[in-house]
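Dear colleague,

I am passing on the structure that we spoke about, and below it you will find notes on what was found in it. Please read them with the structure open beside you.

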Amino acid sequence: MLKLEGAVIRKGGFDLSADLEIAPGAKVAVIGPSGAGKSTLLEAIAGFQPLARGRVLWSGVDLSGVLPGKRPVAMLFQDGNLFPHLSARQNVRLGVEANRKLTSAEEARVAEALQRVGLKGLDDRRPAELSGGQQSRAALARVLVQSRDLLLLDEPFAALGPALKAEMLDLVAELAAESGATLLMVSHDPADARRIADQVVLVAEGRAHPPAATAAVLDNPPPALRAYLGAG
Amino acid sequence: MAERAQPVSLRPVATWPGTCAALLVALLVLGTLAAVAMRAEGGSGLGAADWSALRFTLIQASLSALFSVALAVPVARALARRRFFGRRVLITLLGAPFILPVIVAILGLLAVFGRSGWLSDLLSLVGLPPVQIYGLHGVVIAHVFFNLPLATRLILQGWQEIPAERFRLAAQLDAGPKAIWQLLEQPMLRQVLPGATAVIFAICLSSFAVALTLGGGPKATTLELAIYQAFHFDFDLGRAAILSGLQLGLTVMAALLALRVPVGEGFGGGLDRMVARWDGAGTGARIADTLWITFSALFLMLPLLAVFVSGAPGLLHLPASVWSATWVSIQVAVLSTLLLLLVALPMAASIALGRKGLGEIAGILGLAASPLVIGTGLFVMIYPVMDPVVLALPVTALVNMVMALPFALRILVPRIRQVMQQNARLALALDMRGRRVWAVVILPRCRAQIGFAAGLTAALSLGDLGVIALFADPEVATLPLQVYRLMGAYRMQAAEGAALLLFVLSMGAFWLLDRGGRFHAEA
């Protein structure tokens, strides 16, 4: 279970407080107005933003002071998810182990992950030689071999067209279901949330609300969300 | 997270190696100064010759800076508003004097402006006496040769930073040359000129090789040259120390001055970009621009051409001493380049990761450090323990590294900063550790910049004629020193041949390393 206990994140004179629990294996969409702190919330869970107060716990273990790379977290950012000078395969290898050469068993896992995301045969290309969708697939293959308990997506597919984005989200949902990982994804689009998330965390007015069932929240939005979604 | 310094634990590579490297460099510069200062106590105060050296240093640096900047303004304006065949080549060529060995340029200038040079030949045709290049005006001509291109690049940058929209607006308002001057050009120049003048002034203060070859004598001796003479002819360490202190005071003041006024990079890319211009279409402006471009191209290229023309015959009969000096120079350059990478890379990473203080210290030390002062200090320190001649080559490599360091940092820091902004989070998320971050991320992504910095250092080191003159005995010489010795022995053909060799060697080293870095590198 992921637990934020009286957490306050301070970023540039702005405070975001969070007091919530997310069940293992849940698929959660983080929604809310621009600048409300959705990305900040994910960065705090991943360890890129220090907490001003409170704690982040995973399975009862306090993660404060644990470096990002040591947390049970794999995160995809809006951009910069692949090293531009390395091939797809080299990038995925780093997900297994960034600090040494891989064993042949580990190499096999890399190949398997590349095949799973549909990049077989393209693994020697650099990101610039891949399409936007293929780049996303390579990043997902890396996340797959990282096999962490928590998968955080900070709108990594924002630059893709609607159809491609839907395809990627479905792939993410499948991968998360296969591995049983807990998924948190920032989203601007309620349709994305409906598509793969069973729960929604609303971030608005300096607060990250506890998760609620997606359909219930979106069908009957609270005032803060209604203002964001517009009349309807 | 891009703007603010990272929390300590979130730096993908440690900053202490860079801090240590910076401290070592500071220790070298300040430690040698302290060694000099302790030695100076026993000195006998400043004599008339020393005062005249101080006066000459200031006069030549002021004149060189003023002439370089004054001539650069019309040249930069012409380059900014004219499109012509060879414009790109000419702008690239403006970067060349930076890595051109001083002694090579001197021989080229002598061949053009010397007593029996091309200009004198031309004058004798109409019955005029030959020109005289030795003394103050020779020193100034050489400094203008080196710094006119730098000034032009700095001012051209200012011209190109005037937004294209303003030229469009001025064209719409039908602004004439006078209005454009008042509205656009004069305000820009007022910002750019003080910085350019201050930098060139600071550079010319530390002039050694130019003064050594074209100056000399009681009337044309710079402080750096006086330090060398106190050493070489009188072996008066106390006086060398006092002069060093004086020189350092001067350069620190100039460095502080130069750092107070904003200065552009001067060797950045993008200078061959054209801004659409509608002014300067009048016949007078066209003729003036053509003349300025021709003048600057001739002034820069004729001496280089002369190096080839007069050097080629001598190239076939180079004395053995030249070849052994070449080998020595290559060793020094390789050592110097390796040292530079060892110091500059960790320092650049530390600065890029938010240790701004390091960058400022490096900037001041780089401008203020004088090779001859560091050399004197090291000599004073080594002398009681062992024969300094034994350490001549490592010391030369070390001093060359310190001289190249500020330029290398200016090349490396922006790129490492950019790579960190793009990739630091990912490296952290993958739990990649210090040395792996260097091996997997920083070094491969900065290859082009590392190659450029290494090429610059190798070329500067190959061409340096400074501290080696203090330390070397008759048996050991670098190639530039050997060229100077051949000149001193009036073996001009051998000297010119060796100068051509040196020219090819330093340009080749730069080209090789710069290309090597960019070969198959990512776009």
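Is B:Gln482 buried or exposed? B:Gln482 is buried, because 30 other C-beta atoms lie within 10 Å of its own; a residue counts as buried with 20 or more other C-beta atoms within 10 Å, as exposed with 12 or fewer, and as partly exposed in between, the C-beta atoms being placed from the backbone.

Before the rest, please note that this is a predicted model, in which local features need pLDDT of at least 70 and side-chain atom pairs count only at pLDDT 80 or more, while totals for chains, interfaces and linings use all residues. Residues are numbered from 1 along each chain as its sequence is written, and chains are lettered from A and ligands numbered from 1 in the order in which they are written.

To return to B:Gln482, this residue lies in helix 20 (residues 479–488) of chain B, where helices (H or I, at least four residues) and strands (E, at least two) are DSSP runs numbered from the N terminus. Not counting residues up to four places away in sequence, B:Gln482 touches B:Ser321, B:Val322, B:Ala325, B:Ala477 and B:Ala498, contact being taken as C-beta atoms, placed from the backbone, within 7 Å.

Helix 4 (residues 102–113) and helix 21 (residues 492–518) of chain B have axes that come within 9 Å and cross at roughly 130°; the axes are lines fitted to C-alpha atoms, for helices over the stretch in contact, and the angles run from 0 to 180 degrees between N-to-C directions. That angle makes helix 4 of chain B oblique to helix 21 of chain B, since angles under 35 degrees count as roughly parallel, over 145 as roughly antiparallel, 65 to 115 as roughly perpendicular and the rest as oblique. Helix 4 of chain B contributes B:Ile103, B:Val104 and B:Leu107 to the contact, and helix 21 of chain B contributes B:Ala495, B:Glu496, B:Ala499, B:Leu502 and B:Phe503. By class, this contact has seven nonpolar, no polar and one charged residues, with Ala, Val, Leu, Ile, Met, Phe, Trp, Tyr, Cys and Pro counted as nonpolar, Asp, Glu, Lys and Arg as charged, and the others, Gly among them, as polar.

Helix 21 of chain B also holds B:Ala509, which counts as buried because it has 26 C-beta neighbours inside 10 Å. Leaving aside neighbours within four places in sequence, B:Ala509 is in contact with B:Ala333, B:Gly455, B:Ala458, B:Ala459 and B:Leu462.

As for the two chains, their contact takes 18 residues from chain B and 18 residues from chain A. On the side of chain B that touches chain A, helix 16 (392–429) and helix 17 (434–445) of chain B are the elements that give two or more residues, and the largest share, six residues, comes from helix 16 of chain B. This side of chain B has nine nonpolar, three polar and six charged residues. In the loop between helix 16 and helix 17 of chain B sits B:Asp431, whose phi is near 60°, a positive value in a residue other than glycine; B:Asp431 is partly exposed, with 17 other C-beta atoms within 10 Å.

In chain A, A:Leu153 lies in strand 7 (residues 150–154) and is buried, with 27 other C-beta atoms within 10 Å. Helix 2 (residues 88–96) of chain A is largely enclosed by the rest of the structure, because seven of its nine residues are buried, and these buried residues pack against helix 3 (104–116) and helix 4 (132–146) of chain A. By contrast, A:Ser59 is exposed, with 10 other C-beta atoms within 10 Å; A:Ser59 has a positive phi of about 50° although it is not a glycine.

With best wishes
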